[in-house]
Amino acid sequence: REDSSAGTRLAAAQTLGRFTHAAATAVPALAAAMRDRDGGVRLVAADGLGRFGPEAASAVAALEAALSDQNRQVRIEATNALLLIQGTTAPSDGGRR
């Protein structure tokens with residue numbers, strides 16, 4: 001069930017992105033969060049998926065769909081996540097991973 005508070009959904013996506021040891025559970029949830037109505041949630045979900053690297057391969061379709069997101073930051077983070085999933089270092093990564 002989706003929480004009506006964007007802040008709660010954002011915090012959940014941030015937490016899931018830190019559970020890199022639990023890809024089987026976190027990746028599908030973060031991929032679903034890529035369809036959230038709130039841009040901040042989508043941004044954090046894309047960042048979280050990138051942290052999983054190749055383990056997030058099942059989320060590639062959700063990230064590719066985000067490449068046309070209305071939010072520029074979501075598009076950038078989706079691009080970075082796709083590069084990390086494909087095993088390429090993202091140039092705009094800034095060393096934060």
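How many helices and how many strands are there in the chain? I counted five helices and zero strands. The model I looked at is a predicted one.

**Entry: the whole chain**

I read the elements along the sequence and wrote down the pattern α-α-α-α-α. I then looked up burial: of the 97 residues of the chain, 41% count as buried. For contacts with a separation of 6 or more, I noted that residues 24 or more positions apart account for 55%.

**Entry: helix 2 against helix 3**

Two packed helices are described by the angle between their axes and the distance between the axes. I looked up both values for helix 2, residues 23-33, and helix 3, residues 39-52. Their angle is about 145 degrees, and the axes lie 8 Å apart. I put the crossing of helix 2 and helix 3 down as left-handed.

Which residues meet here, from helix 2 and from helix 3? On the helix 2 side I listed Ala-23, Ala-26, Val-27, Leu-30, Ala-31 and Ala-33. On the helix 3 side I listed Val-41, Arg-42, Ala-45, Gly-48, Leu-49 and Phe-52. I sorted the residues of this contact into 10 nonpolar, one polar and one charged.

**Entry: the nonpolar core**

The largest nonpolar core has 25 residues. I looked for those that touch the most other members and found Val-27, Leu-30, Met-34, Leu-49, Phe-52, Ala-56 and Leu-63. Helix 2, helix 3, helix 4 and helix 5 are the elements that give two or more residues to this core.

**Entry: Arg-42**

Arg-42 is in helix 3. Is Arg-42 buried or exposed? I found a relative accessibility of 7%, so Arg-42 counts as buried, the cut-off being under 20%. Leaving aside neighbours within four places in sequence, I listed the contacts of Arg-42 as Ala-33, Met-34, Asp-36, Arg-37, Asp-69, Gln-70, Asn-71 and Val-74. I also checked Arg-42 against Ala-78: the two are 36 residues apart in sequence, and their C-alpha atoms are 9.0 Å apart in space.

**Entry: Asp-69**

Asp-69 was on the contact list of Arg-42, so I turned to Asp-69 next and found it buried, at a relative accessible area of 12%. Where does Asp-69 lie? I found Asp-69 in the loop between helix 4 (60-65) and helix 5 (72-85). A polar atom of the Asp-69 side chain lies 2.7 Å from the backbone nitrogen of Asn-71. With neighbours within four places in sequence left aside, Asp-69 is in contact with Arg-42, Val-74 and Arg-75.

I looked up Glu-64, which is found in helix 4. Glu-64 has a relative accessible area of 46%, so I wrote it down as partly exposed. Glu-64 and Arg-75 are 11 residues apart in sequence, and I noted 9.0 Å from C-alpha to C-alpha.

Gln-73 is found in helix 5. Gln-73 is also partly exposed, with a relative accessible area of 40%.

Notes:
Residues numbered from 1 in each chain as written. Predicted model: local features only at pLDDT ≥ 70, side-chain atom pairs only at ≥ 80, totals over all residues. Heavy atoms only, no water. Axes fitted to C-alpha atoms, helices over the stretch in contact; angles between N-to-C directions. Helix = DSSP H or I, 4+ residues; strand = E, 2+ residues; numbered from the N terminus. Left-handed = near helix turned anticlockwise from the far one by under 90°. Contact = heavy atoms within 4.5 Å. Nonpolar A, V, L, I, M, F, W, Y, C, P; charged D, E, K, R; others polar. Buried < 20%, exposed > 50% of the residue type's maximum accessible area, 1.4 Å probe, protein only. Polar contact = N/O pair within 3.5 Å; in protein donor to acceptor, adjacent residues only side chain to side chain. Core = buried A, V, L, I, M, F, W, Y, C linked by side-chain atoms within 4.5 Å.
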